[in-house]
Amino acid sequence: MSKFKDTILNPIFKGNPITVLILGICSSLAVTVELKGACVMALSVTIVTAVSSFICSLLRKTIPNRVRIIIQLVVVAMMVILVDQVLKAFAYAIDKQLSVYIGLIITNCIVMGRIEAFALGNKPIPSLLDGLANGLGYGLILIIVAFFRELFGSGTLFGIPVLSAIGYTNNGLMILPPMALILLGCVVWAQRSIDKSLQE
Amino acid sequence: MNTNNNVYTIVYTTVVCVLVAAVLAFASQKLKPMQEANEKAETISQILTAAQFAEKDELGAWGNAKVIEFFKDNINKAVLVNAQGEIVKSLDTKKAEVWGTSQLKAQKYGFPEGKYEIPVYIFNNGVSVLPVYGQGLWGPVWGYIALGGDLKTIVGAYFDHASETPGLGGKIKDDPSFRAQFVGKSIDLEKAKAFEIVKGGAPQGQSNAIDAISGATMTSNGLSGAINEWLDAYKNYIEAQNN
């Protein structure tokens with residue numbers, strides 16, 4: 001049972017894909033302007049990672065080794081297109097806001113990385129959990145960064161005025177990608193000062 | 001089983017591809033009606049925003065049904081006009097029919113010699129909304145320009161884009177102050193350029209020009225080109241209406 005617990009908890013803190021493995025940086029800079037977009041992106045990546053890990057793990061014994069990357073790509077691409085189509089049908093405004101970044105989930109190293117490193121060598125259920133946990137680890141950082149960027153950049157949270165209601169002047173720099181990188185660096189710094197074993 | 005021989009590999013990849021294609025085709029079939037409804041409501045809310053009925057974000061919060069209902073209540077008629085400026089067809093306003101949903105991303109409409117039919121949306125308050133489509137820096141830009149009853153004064157505008165740079169070219173959509181510049185300006189069909197977006201700032205007192213976005217020359221030029229090309233196509237219609 002502790003192995004299961006490890007599979008789930010490790011990617012969220014000690015092996016967090018963004019802050020420890022430094023994967024998926026590009027999209028985390030792009031979609032963290034607002035909390036709403038960040039949440040949808042986090043959910044989308046979690047679903048894509050979890051389901052494609054699960055499918056690839058089911059197929060792991062049958063996939064010809066020479067074309068395994070291509071097969072993985074086909075599975076991931078299918079999931080990404082499905083997520084995009086569903087968003088277009090049910091959350092059109094958010095899909096428009098996230099625009100190309102949903103399609104670019106396919107290039108997110110976390111998805112392929114987890115399939116190669118975990119799903120191909122493990123049973124379906126642990127793979128599903130691993131994908132889920134990595135997606136959540138990614139989402140957690142996204143939401144932390146988006147929280148600060150939206151709060152100080154637009155003075156709102158989920159579009160509801162918070163700081164702007166008490167006369168705060170929006171900081172335009174928070175909305176631009178460079179500030180996301182700086183914030184991300186701060187998150188990495190905070191995590192490494194809490195857990196000294198992560199320091200190199 | 002030897003999963004590395006060639007026949008197995010080819011058969012395996014083929015089967016996987018066919019299965020995935022089937023799943024995607026099925027999903028696309030099932031979701032298409034909802035996606036089209038969303039796209040139509042989006043087009044209508046862009047038209048309504050251009051005509052200054054409400055801000056785009058407000059309309060988004062209304063939901064599709066209310067947006068379409070509002071459009072039906074306020075539209076007087078929607079017509080297609082040809083190159084000679086004659087009205088050739090009416091769109092069904094009771095069904096909130098709009099032109100160009102499928103051509104939303106038409107980068108270059110082309111205006112085949114004298115053979116085009118393009119839409120005018122006329123609202124009960126006398127405002128006419130005309131679409132424009134063009135090529136920005138990275139992809140298509142498009143939008144709607146709302147003209148007052150004299151078909152000369154601009155009462156509002158709304159623009160959208162597929163992939164312009166956020167913070168630079170993306171301002172045509174995201175920066176309300178860019179759009180606000182259009183309000184109160186007018187178009188001048190007598191001039192070579194009916195409307196200008198001027199890099200470095202529009203000259204004081206020129207009523208048919210606004211400032212371009214700094215750092216987004218290509219997007220500004222693309223939008224300016226789109227506006228002029230389309231206003232030119234409507235020239236005969238506008239003149240016929242004013243006589």
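Modeller: Please bear in mind that this is a predicted model. In chain B, the axes of helix α1 (residues 6-50) and helix α3 (residues 64-74) come within 9 Å of each other and cross at roughly 50 degrees.

Biologist: What is the hand of the crossing of α1(B) and α3(B)?

Modeller: The crossing in which α1(B) passes α3(B) is left-handed.

Biologist: Which residues make the contact?

Modeller: From α1(B) they are B:A37, B:N38, B:A41, B:I44, B:S45 and B:L48. α3(B) contributes B:N64, B:V67, B:I68, B:F70 and B:F71. Sorted by class, the contact of α1(B) with α3(B) has 8 nonpolar and 3 polar residues, and no charged ones.

Biologist: Let us turn to the sheet. In what order do the strands of chain B lie?

Modeller: The order is β2-β1-β3-β4-β5-β6, with 6 strands forming an open sheet in chain B and antiparallel pairing. β2 (87-91) and β6 (154-161) of chain B each have a single partner strand and stand at the edges, so one side of each lacks a neighbour in the sheet. On average, neighbouring strands of this sheet are turned by 25 degrees against each other, direction ignored.

Biologist: Which helix packs on the sheet?

Modeller: Helix α1 of chain B does, touching β3, β4 (128-135), β5 (140-147) and β6 of chain B. The direction of α1(B) makes about 145 degrees with that of β6(B).

Biologist: Is β6(B) largely enclosed or left open?

Modeller: β6(B) is largely enclosed by the rest of the structure, because 8 of its 8 residues are buried. Being at an edge concerns its place in the sheet, where β6(B) has a single partner strand.

Biologist: How many bridges join β5(B) to β6(B)?

Modeller: There are 7 bridges between β5(B) and β6(B), and the two strands run antiparallel. One of the pairs sets B:A146 against its bridge partner B:G156 in β6(B). The two strands form a hairpin with 6 residues between them, and B:L151 in the turn has a positive phi of about 55 degrees.

Biologist: And β3(B) with β4(B), over how many bridges do they pair?

Modeller: β3(B) and β4(B) pair over 2 bridges, in the antiparallel sense. B:Y121 stands opposite B:V129 in β4(B). Their hairpin has 4 residues between the strands, and B:G126 there takes a positive phi near 90 degrees.

Biologist: What about β1(B) and β3(B), how do they pair?

Modeller: Strand β1 (residues 75-82) and strand β3 (residues 117-123) of chain B pair over 7 bridges, again in the antiparallel sense. B:I75 has B:F123 as its bridge partner in β3(B), while B:V81 stands opposite B:I118.

Biologist: Stepping back, how many helices and strands does chain B have?

Modeller: Chain B has 6 helices and 8 strands. From the N terminus on, its elements run α-α-α-β-β-β-β-β-β-α-α-β-β-α. The C-alpha trace of chain B spans about 80 × 45 × 40 Å along its principal axes.

Biologist: What share of chain B is buried?

Modeller: Buried residues make up 33% of the 243 residues in chain B. Among contacts in chain B with a separation of 6 or more, 55% are between residues 24 or more positions apart.

Biologist: Now the two chains. How many residues does each give to the contact between them?

Modeller: Chain A gives 19 residues and chain B gives 21 residues. On the side of chain A that touches chain B, α4 (68-90) and α5 (92-98) of chain A each supply at least two residues. α4(A) gives the most to that side, with 10 residues. By class, the residues of that side of chain A divide into 14 nonpolar, 3 polar and 2 charged.

Biologist: Finally, within chain A, how do α1(A) and α8(A) cross?

Modeller: The axes of helix α1 (residues 2-9) and helix α8 (residues 124-153) of chain A cross at roughly 30 degrees and come within 7 Å. A:F4, A:T7 and A:I8 in α1(A) meet A:P126, A:L129, A:D130 and A:A133 in α8(A). This contact of α1(A) with α8(A) has 5 nonpolar, 1 polar and 1 charged residues.

Terms used
Residues are numbered from 1 along each chain as its sequence is written. Chains are lettered from A and ligands numbered from 1 in the order in which they are written. This is a predicted model: local features need pLDDT of at least 70, side-chain atom pairs count only at pLDDT 80 or more; totals for chains, interfaces and linings use all residues. Two strands pair if DSSP finds at least two bridges between them. Axes are lines fitted to C-alpha atoms, for helices over the stretch in contact, and angles run from 0 to 180 degrees between N-to-C directions. Two residues are in contact if their C-beta atoms, placed from the backbone, lie within 7 Å. A crossing is left-handed if the near helix is turned anticlockwise from the far one by less than a right angle, and right-handed if clockwise. Ala, Val, Leu, Ile, Met, Phe, Trp, Tyr, Cys and Pro count as nonpolar, Asp, Glu, Lys and Arg as charged, and the others, Gly among them, as polar. A residue is buried if 20 or more other C-beta atoms lie within 10 Å of its own, exposed if 12 or fewer, and partly exposed in between; C-beta atoms are placed from the backbone.
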